[in-house]
Amino acid sequence: MIHYVPICIILAILGTLLVNPTMYYHFFSRRINYKKKLAEYEEKKAKDHWLSAPERNIFFEFPILLIIGQSICFVIIFVFCISLFYFGGPIAVKYSLIPAYLWLPALFQFINFLWYVGAYNDTSFETSISNSIYNTCLILAGIFVVISIGVGIHTDVYNYLHTYEDVTFVEETHKEYPTVNETTLIQTANLATGSTVYSPIYRNGSWIYPVVNNDSNVASSGYFVYSAENNISFVPKDISYSPWLSTANNVQRLLRRREPSAVFWGDVSFQIEPETGDIYFAQFYGDYACFRAGRKVEGVILVNASNGKSIQYPITLIPDWIDWVTGVSF
């Protein structure tokens, strides 16, 4: 989570941006005005003994309610961003993420506007809050939204204009894979209750059906091999790490913790090492080609489904047995 903190702090500060100039106006300016009135009073009191001294009340001058409200806004935005980035799904943690997510501080700048309007008659601000102060919240909210939309438009336009001759992204889809009843497969292999059969993939002339059982990984996890001769066999393998888990053993979350700044391209792909038969999950990584647009693939990371250990390969050294990787075609 620590990698998300700087970005979340920046977004939270942008969301409460007006607290500083408003505090300056209400705290420092009032004190300057008080000192000016006090100096005038000292000059005139000798001539006018009935002249009243200027009142000074720090509790009314200092915008306590404003500070509390803006502090609450900051905490809300920060917690919301942390929750969005960390629990909402593994994403690349880069500062280029900030312009695309400026709609978050825009939302809370609008809340700032509502706060100033709502607190208008409940504080000592009286008529000293000019319309320009809280209307600026609306202006900032609009600017943030425009930037977020602009980033999205730029991304779409850039991706439309660049076709990526070196690496073309496609999905691994096969419409004519054999139809096999999942219940029949599980019963045939005598697998434990809770085993789940996932969509098949084509590997080395056979259809492979991944099977995962979260309660009994070794005995009831592995893969079915559906050969060209319509023979079905089950290969038991420990699958303690997979993209289908919602726990910390989720492959994408595991990779995000290990590579917080990498951009992952394509889906996680099921792979089988031909010599040992071990299961790996492949995930391509890289960076953006321009701003937050374009794909620049730099390599692939393999995660062992049994122990969670990862191996990283640059794009030129990818093993030959990595086949039909979802999302990437060379």
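**Close-up views of a predicted model**

The structure holds zero disulfides, a disulfide being a pair of cysteine sulfur atoms within 2.5 Å. This is a predicted model, in which local features need pLDDT of at least 70 and side-chain atom pairs count only at pLDDT 80 or more, whereas totals for chains, interfaces and linings use all residues. Residues are numbered from 1 along each chain as its sequence is written, and side-chain values use heavy atoms, with hydrogens and water left out.

**View 1. The protein chain has nine helices and nine strands.** Helices (H or I, at least four residues) and strands (E, at least two) are DSSP runs, numbered from the N terminus. Of the 330 residues, 41% count as buried, meaning under 20% relative accessible area with a 1.4 Å probe, protein chains only.

**View 2. The largest nonpolar core comprises 22 residues.** A nonpolar core is a set of buried Ala, Val, Leu, Ile, Met, Phe, Trp, Tyr and Cys residues joined through side-chain atoms within 4.5 Å. Ile-7, Cys-8, Leu-11, Cys-81 and Phe-85 touch the most other members. Two or more residues each come from helix 1 (5-15), helix 4 (64-87), helix 5 (97-100), helix 6 (103-118) and helix 7 (131-161). Helix 7 gives the most to this core, with five residues. A second, separate core of 21 residues includes Tyr-241, Phe-270, Ile-279 and Ala-305.

**View 3. Cys-81 is in no disulfide.** The nearest cysteine sulfur to that of Cys-81 belongs to Cys-8 and is 4.9 Å away. Cys-81 is buried, with a relative accessible area of 0%. Cys-73 is also buried, at a relative accessible area of 8%.

**View 4. Strand 6 (residues 263-272) and strand 7 form an antiparallel pair over seven bridges.** Two strands pair if DSSP finds at least two bridges between them. Six residues lie between these strands in a hairpin, and Gly-277 in the turn has a positive phi of about 75°. Trp-265 has Phe-284 of strand 7 as its bridge partner.

**View 5. Strand 7 (residues 279-287) is mostly covered, with eight of its nine residues buried.** Strand 7 is joined by eight bridges to strand 8 (residues 296-304), and the two run antiparallel. Tyr-285 stands opposite Gly-299 in strand 8.

How values were computed:
Buried < 20%, exposed > 50% of the residue type's maximum accessible area, 1.4 Å probe, protein only.
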